[in-house]
Amino acid sequence: MKYRILFFISFVINLLHSQNIEFTAKVSKETLGVNERLRIEFSMNKNGDNFTPPNFKDFSVVMGPSQSVSESWINGKRSFSKTYGYILQPTAKGKFTIGQATIEIDGKTYKTTPIQITVTEAVSSPSINKTTNDVAKDNLFLVAEVSKPNPYLNEAVSIVYRLYVGGQVALNDLRQVDNPKYPNFWSQEIRLQSYEPENCTYDGKPFRCIVVKKVVLYPQKSGNITLEPLTLDAILSIPTTQRDFFGRPIMEQVAKRVTSGNKNLNVRNLPEAGKPENFSGAVGEFSFNVTTSKTTLKSNESLQAKVEISGSGNLKLFDIPKLTFPTALEVYNPEKKDNITTSISGMRGQVSEFYTVVPQFKGKYPVASVSFSYFNPRTEKYETLNSDEIWIDVTEGPTGSSQNSSSNVVKQDVKTQGNQFRFLQLNSDLQPIGKKLFFGSTNYYLWLFLPLLLIPMALILWKARQTRAGDIEGNKVRAANRLAKKYLSEAKRKLNDKNTFYEALERALHNYLKAKLKIETSEMSKEKISELLSLKNVSQQTISEFLGLLKNCEMARYSPFDTVSMENDYQKSVKILSELDKQIKH
């Protein structure tokens with residue numbers, strides 16, 4: 001009897017408790033315009049499992065499910081609430097039913113009551129608040145601003161990527177996901193020290209904008225060219241409708257990806273009409289000058305002749321005119337120097353070639369006038385500049401009897417002085433050769449003491465070898481150089497051909513990384529290479545120089561590179577691979 005009473009009391013308590021369980025659905029409105037949104041919440045007063053929402057077949061889910069739980073104790077009584085919320089957007093006008101949601105609580109299944117929703121014509125002022133994703137979409141966008149949509153071939157084009165942020169949205173973090181490549185351009189990125197926000201307007205609305213990237217391009221191909229987009233990942237703080245204890249809006253962090261979209265450039269060919277024969281591809285506005293360090297000197301003294309082109313334009317992408325000298329002047333291969341700065345408006349500065357000239361004979365010799373032609377995109381015309389003819393006066397030295405100042409050849413007559421054949425011996429004074437004994441001769445003593453001389457030489461060589469073996473750092477350098485030259489041997493053989501040289505150089509750099517870092521060619525992104533080399537304790541300067549070489553290999557396929565540039569890149573690659581081999585920790 002006692003057990004029956006206890007069982008009955010337990011049954012009544014469970015029954016009463018089960019009758020208090022509630023699972024309900026509530027909507028923010030039952031009638032709305034087709035352009036409005038509604039919030040629906042499914043609430044329970046006891047925690048359950050296996051929540052299943054209804055099929056929102058006539059609505060699109062804009063946000064959700066969001067989940068909130070609250071629990072409190074008041075006067076010894078427990079209060080519990082758990083809610084699943086959704087933001088819905090109707091897909092058409094009409095009357096629709098939101099079906100039942102289900103939940104399992106204490107082993108039993110509970111269902112909500114279906115809700116009827118009426119969707120009318122669009123309203124002028126939607127009442128439902130936008131979600132944080134909507135706010136982010138409306139207040140964050142990236143624009144690529146191109147300075148010239150129709151440039152000439154080899155004319156500077158600047159691209160500024162500007163991020164616009166509006167409203168009360170705060171930008172917390174920014175990261176580049178997809179960096180565009182410019183395969184049909186010579187490109188130079190303008191490095192930014194930091195992101196500086198400024199006030200600006202877009203479509204008549206105020207925004208805060210940030211310049212995230214600046215690039216200068218020189219088109220190397222004509223026609224319609226599509227520029228790849230820049231893609232960024234941004235972390236934003238967006239105010240919600242909820243408030244904190246002090247009444248301030250609670251901020252929600254949202255991740256948003258934005259892209260600048262594709263941009264098209266229509267690159268025009270340079271006009272054929274009026275193009276000079278000596279035009280080598282210079283586009284811009286330039287001045288041209290030829291000077292010598294002196295015009296009067298003695299034979300076997302030296303002077304320098306300088307050819308200088310200065311101004312703004314594609315200074316790295318054309319050939320400098322060559323000077324011609326009379327044969328009586330010994331001339332060394334010119335040395336090229338440049339002083340170029342690249343800003344958002346393009347390249348500006350000077351490029352020069354210096355000739356070292358050494359005269360051999362006394363006389364006056366002309367350095368012929370040379371011309372330089374370029375295309376001016378501002379006037380859309382070709383312009384030609386000519387240098388002055390320069391005379392070099394050699395005041396002292398051997399003379400030639402037939403000098404022609406206007407000729408490139410200086411002739412010298414041969415003068416006979418009567419004794420120029422004095423090295424011929426006309427009277428012989430021959431002596432008979434007697435038979436000499438080897439014993440006691442010079443050769444005898446030479447062979448006798450030769451072993452004694454070899455002993456100290458062997459000791460010196462052994463000592464030098466020991467010293468070299470003990471020079472750990474030096475051995476590392478020599479081993480690194482041998483390894484670098486091994487990988488770069490094929491590239492060196494191709495120095496006379498730009499395309500095959502840079503292909504071989506790039507292959508050598510990749511093979512080196514494959515051997516050292518155990519990385520496949522398909523994995524060789526610049527970010528991955530930088531990360532792996534940093535893990536190997538390679539200095540940032542060496543990493544930057546290595547990545548710069550890879551960039552040169554890419555640009556060389558579309559940009560003119562001379563033999564001097566290829567030789568410089570080869571020497572630089574030997575040095576950098578040596579540095580990498582010394583710094584990489586195995």
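# Close-up views of a predicted model

View 1. Glu145 and Arg162 form a salt bridge, and their closest N and O atoms are 3.1 Å apart. Glu145 belongs to strand β11 and Arg162 to strand β12, so the pair ties together parts 17 residues apart in sequence. The structure shown is a predicted model. Arg162 counts as buried, at 16% relative accessibility. Glu145 counts as partly exposed, at 27%. Side chains of opposite charge can pair when their charged atoms come close. A search of the whole structure finds 16 salt bridges.

**View 2. A salt bridge joins two loops.** Here the side chains of Arg268 and Glu380 meet, at 3.9 Å from N to O. Arg268 sits in the loop between β20 (263-267) and β21 (284-292). Glu380 sits in the loop between β28 (371-376) and β29 (381-386). The pair therefore ties together parts that are 112 residues apart in sequence. Arg268 is partly exposed, with 32% relative accessibility. Glu380 is also partly exposed, with 42%. Elsewhere, salt bridges that share partners join Glu145, Arg162 and Glu198 into one network.

**View 3. Glu189 and Arg191 form a salt bridge.** The N to O distance between their side chains is 4.0 Å. Arg191 counts as exposed, at 65% relative accessibility. Glu189 counts as partly exposed, at 24%.

View 4. Strand β16 covers residues 205-219 and is mostly covered, with 11 of its 15 residues buried. Strand β12 (residues 157-165) runs antiparallel to β16, and nine bridges join the two. Phe185 stands opposite Pro219 of β16. Five bridges join β16 to strand β15 (residues 198-202), again antiparallel. In β16, Arg208 stands opposite Asn199. In a regular strand the side chains alternate between the two faces of the sheet.

View 5. Asp203 lies in the hairpin of β15 and β16, which has two residues between the strands. Its phi is positive, near 55 degrees. Asp106 is not a glycine, yet its phi is about 55 degrees. Asp106 lies in the loop between β8 (102-105) and β9 (108-111). With a relative accessible area of 53%, Asp106 is exposed. Asn154 has a positive phi near 70 degrees, and Asn154 is not a glycine either. The loop between β11 (140-146) and β12 holds Asn154. Asn154 is buried, with a relative accessible area of 11%.

**View 6. A mixed open sheet of three strands.** The strand order is β2-β10-β7, and the pairing is mixed. At the edges are β2 (31-33) and β7 (94-98), each pairing on one side only. Neighbouring strands of this sheet are turned by 30 degrees against each other on average, direction ignored. β7 and strand β10 (residues 115-120) pair in the antiparallel sense over five bridges. Look for Gly94, whose bridge partner in β10 is Val119.

**View 7. An antiparallel open sheet of three strands.** The order is β4-β8-β9, with antiparallel pairing. β4 (49-52) and β9 stand at the edges with a single partner strand each, so one side of each has no neighbour in the sheet. Neighbouring strands here are turned by 25 degrees against each other on average, direction ignored. Two bridges join the antiparallel strands β4 and β8. Asp49 has Glu104 as its bridge partner in β8.

**View 8. Helix α5 and its buried residues.** Helix α5 has 20 residues, 498-517. At 1.5 Å a residue it should span 28 Å, and its end C-alpha atoms are 28 Å apart, which agrees. The buried residues of α5 include Phe501, Leu505, Leu509, Tyr512 and Lys516. An α-helix has 3.6 residues a turn, so residues three or four places apart point the same way.

**View 9. A nonpolar patch on the surface.** The patch is formed by Tyr445, Leu448, Phe449, Leu452, Ile455 and Leu459. Together these residues have about 620 Å² of accessible area. Leu452 is placed in helix α3 (residues 442-470). Leu452 counts as exposed, at 53% relative accessibility.

Key. Residues numbered from 1 in each chain as written. Predicted model: local features only at pLDDT ≥ 70, side-chain atom pairs only at ≥ 80, totals over all residues. Heavy atoms only, no water. Helix = DSSP H or I, 4+ residues; strand = E, 2+ residues; numbered from the N terminus. Expected span 1.5 Å × (residues − 1). Buried < 20%, exposed > 50% of the residue type's maximum accessible area, 1.4 Å probe, protein only. Pairing = 2+ DSSP bridges. Patch = residues over 30% accessible without salt bridge, like charges linked within 9 Å, V, L, I, M, F, W, Y side chains within 5 Å. Areas by Shrake-Rupley, 256 points an atom, 1.4 Å probe, with all protein chains shown as cover. Axes fitted to C-alpha atoms, helices over the stretch in contact; angles between N-to-C directions.
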